[in-house]
Amino acid sequence: MIQFAGTIVFIIGILVLFALDRDKQARTSKALWIPVVWLFLAGSRPVSFWLHMRMIGNSADDLLEGSPLDRAVITAIIVLALIVLFTRGQKVVALLRANAPILLFLCYCGASIVWSDFPDVAFKRFVRAIGDFAMIMVVLTDPRPSVAVERVLARAGFLIFPLSILFEIGRGYSGLGYHAGLATDKNMFGMISLILGLAAIWRFQKLLRDEDREHRFRRLVAQGTIAAMVP
């Protein structure tokens with residue numbers, strides 16, 4: 001009962017953070033939730049872990065085989081991102097032309113599958129790389145790309161950090177001597193904390209300098225709260 005009540009409190013807190021940070025004047029596409037979900041899964045745990053469909057492990061079989069459910073989810077997210085990009089044809093073409101070296105690198109990564117010792121695994125990693133690139137494209141082709149970057153990072157932070165605290169409280173002391181939050185290990189949690197933590201501090205400082213910004217105080221509270229949660 002106590003755990004359930006704590007979960008409800010944290011969920012309400014997350015909703016409050018989203019409400020405090022909303023800005024009706026700076027409109028962005030709803031498609032930004034696609035990279036938010038992608039970043040959340042990348043910075044936490046695969047769907048199969050949340051549904052308890054497989055145990056967390058780093059054995060050779062786990063790394064080589066992976067999870068069919070996770071592949072299906074990742075594929076679905078990538079397909080949604082590609083559909084969004086297809087509807088933004090001219091912007092996408094212009095951005096691709098401006099980033100030809102990155103496309104060349106991706107082509108090399110695709111070609112390297114041919115001489116890989118584990119072509120199946122290499123192909124899966126290549127698809128994930130394409131997914132990363134597609135998510136970036138969704139953000140940068142948004143009508144307000146600078147605002148879109150801020151919102152994706154902020155939304156991911158509003159989800160990952162409070163839930164990481166809740167997860168650690170619910171799990172209790174594991175005897176491992178470190179905290180991994182929502183991630184599968186402390187290194188992954190450290191990386192996502194660095195990225196989203198710096199993003200929260202950046203937005204906080206930006207709001208401090210912009211004294212004429214509407215609803216500045218409540219947005220400062222939201223970003224300051226996330227910055228304070230960073231381990």
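Here are a few notes on this predicted model, running from its core to a patch on its surface.

1. Let's start inside. The largest nonpolar core has 41 residues, and Ile34, Leu39 and Leu196 touch the most other members. The elements giving two or more residues to this core are α2 (33–43), α5 (68–87), α6 (89–98), α8 (119–140), α9 (145–171), α10 and α11 (216–229). Helix α9 supplies the largest share, eight residues.

2. Leaving aside residues up to four places away in sequence, Ile34 touches Ile77, Leu80, Ala81, Val84 and Met135.

3. Helix α10 covers residues 186–209, 24 residues in total, and its first and last C-alpha atoms are 34 Å apart, close to the 34 Å expected at 1.5 Å a residue. Its buried residues are Phe189, Ile192, Ser193, Leu196, Gly197, Ala199, Ala200, Arg203 and Leu207. As background, an α-helix has 3.6 residues a turn, so residues three or four places apart point the same way.

4. Now to helix α1, where Asp21 is found. Asp21 counts as buried because its relative accessibility is 9%, under the 20% cut-off. Beyond residues up to four places away in sequence, Asp21 touches Ala154, Phe158, Arg203, Arg218, Arg219, Ala222 and Gln223.

5. Phe4 also belongs to α1, which spans residues 2–21. Phe4 is exposed, since its relative accessible area is 56% and the cut-off is over 50%. Together with Ile8, Ile11, Ile12, Leu15 and Val16, Phe4 forms a nonpolar surface patch with about 560 Å² of accessible area.

Notes
Residues are numbered from 1 along each chain as its sequence is written. This is a predicted model: local features need pLDDT of at least 70, side-chain atom pairs count only at pLDDT 80 or more; totals for chains, interfaces and linings use all residues. Side-chain values use heavy atoms; hydrogens and water are left out. Patches are made of residues with over 30% relative accessible area and no salt bridge: like charges are joined within 9 Å, nonpolar side chains (Val, Leu, Ile, Met, Phe, Trp, Tyr) within 5 Å. Accessible areas come from the Shrake-Rupley method with a 1.4 Å probe; for residues, only the protein chains shown count as cover. A salt bridge is a side-chain nitrogen of Lys or Arg within 4 Å of a carboxyl oxygen of Asp or Glu. Helices (H or I, at least four residues) and strands (E, at least two) are DSSP runs, numbered from the N terminus. Buried means under 20% relative accessible area, exposed over 50%, partly exposed in between (1.4 Å probe, protein chains only). The expected span of a helix is 1.5 Å times one less than its number of residues. A nonpolar core is a set of buried Ala, Val, Leu, Ile, Met, Phe, Trp, Tyr and Cys residues joined through side-chain atoms within 4.5 Å. Contact means heavy atoms within 4.5 Å.
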